[in-house]
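Here are my notes for you, written as numbered points. Keep the sequence and the model open while you read, and look up each residue as it comes along.

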Amino acid sequence: PHTYVVNDYRQQAVDHTLQDEDLPVTREHYGLPPDAFVFCNFNQQYKVDEETLQDWVRVLNAVEGSVLWLIRFGTSKAAE
């Protein structure tokens, strides 16, 4: 929370900008499990090849209670 990684200057920032009065931000706000270790990758989905996906699956299987948080671009269903 409280960060924004610029991915594409043509896209607008998230539709909800966090303000001090919005605190605290919770994992639940983003649909993340409360006790999980969260791995993140905010690259565009076209950069995720089969080998990389298999590596992520191995890491997730090795780290109990972990999840992978991906960014969604437009109408892409790749993160699902």
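1. Which pattern does the chain follow, read along the sequence? The pattern is β-α-β, built from 1 helix and 2 strands. Helices (H or I, at least four residues) and strands (E, at least two) are DSSP runs, numbered from the N terminus.

2. A word on what you're looking at. This is a predicted model, where local features need pLDDT of at least 70 and side-chain atom pairs count only at pLDDT 80 or more, while totals for chains, interfaces and linings use all residues. Residues are numbered from 1 along each chain as its sequence is written, and side-chain values use heavy atoms, with hydrogens and water left out.

3. Now the confidence. The predictor's confidence in each residue is called pLDDT and runs from 0 to 100. Here the chain has a mean of 76, with 61% of its residues at 70 or more. Comparing helix and strands, helix H1 (residues 50-62) has the highest value, 94, and strand E1 (residues 37-41) the lowest, a mean of 90.

4. How much of the chain is buried? Of its 80 residues, 10% count as buried, which means under 20% relative accessible area; exposed is over 50%, and partly exposed is in between (1.4 Å probe, protein chains only). The accessible surface of the chain is about 6,800 Å², and 51% of that belongs to carbon and sulfur atoms. Those areas come from the Shrake-Rupley method with a 1.4 Å probe, and for residues only the protein chains shown count as cover.

5. Next, contacts, meaning heavy atoms within 4.5 Å. Take the contacts between residues at least 6 apart in sequence: 58% of them join residues at least 24 apart.

6. Find Phe39 in strand E1. Phe39 is partly exposed, at 26% relative accessible area. If you skip residues up to four places away in sequence, Phe39 touches Val59, Leu60, Val63, Ser66, Val67, Leu68 and Trp69. Phe39 and Trp56 are 17 residues apart in sequence, with their C-alpha atoms 9.2 Å apart in space.

7. Asn41 is also worth a look, and it sits in strand E1. Is Asn41 buried or exposed? Its relative accessibility is 16%, so Asn41 counts as buried. Its contacts, apart from neighbours within four places in sequence, are with Trp56, Leu68, Trp69, Leu70 and Ile71.

8. Over to Ser66, which lies in strand E2. Ser66 counts as buried, at 14% relative accessibility. Leaving out residues up to four places away, Ser66 touches Phe37, Phe39, Val59 and Leu60. Its side chain also reaches the backbone oxygen of Leu60 at 3.3 Å.

9. On to the rings. The structure holds 2 aromatic pairs. In one of them, the rings of Tyr30 and Trp69 have centres 5.6 Å apart and planes at 50°, so this pair is tilted. The pair links distant parts of the chain, with Tyr30 in the segment before E1 and Trp69 in strand E2 (residues 66-70), 39 residues apart. For the rule, rings of Phe, Tyr and Trp (its six-membered ring) pair if their centres lie within 6.5 Å; planes under 30 degrees apart count as stacked, over 60 as edge-to-face and the rest as tilted. Tyr30 is partly exposed at 34%, and Trp69 is partly exposed at 25%.

10. How many salt bridges does the count come to? The count is 1, taking a salt bridge as a side-chain nitrogen of Lys or Arg within 4 Å of a carboxyl oxygen of Asp or Glu. The side chains of Asp55 and Arg58 form it, at 2.3 Å from N to O. Asp55 and Arg58 are 3 residues apart in helix H1, so about one helical turn separates them. Asp55 is partly exposed, at 32%.

11. Last stop: Pro33, in the segment before E1. Pro33 is partly exposed, at 32% relative accessibility. Apart from neighbours within four places in sequence, Pro33 is in contact with Arg27 and Val67. Pro33 and Gly65 are 32 residues apart in sequence and 8.9 Å apart in space, C-alpha to C-alpha.

Methods: Polar contact = N/O pair within 3.5 Å; in protein donor to acceptor, adjacent residues only side chain to side chain.
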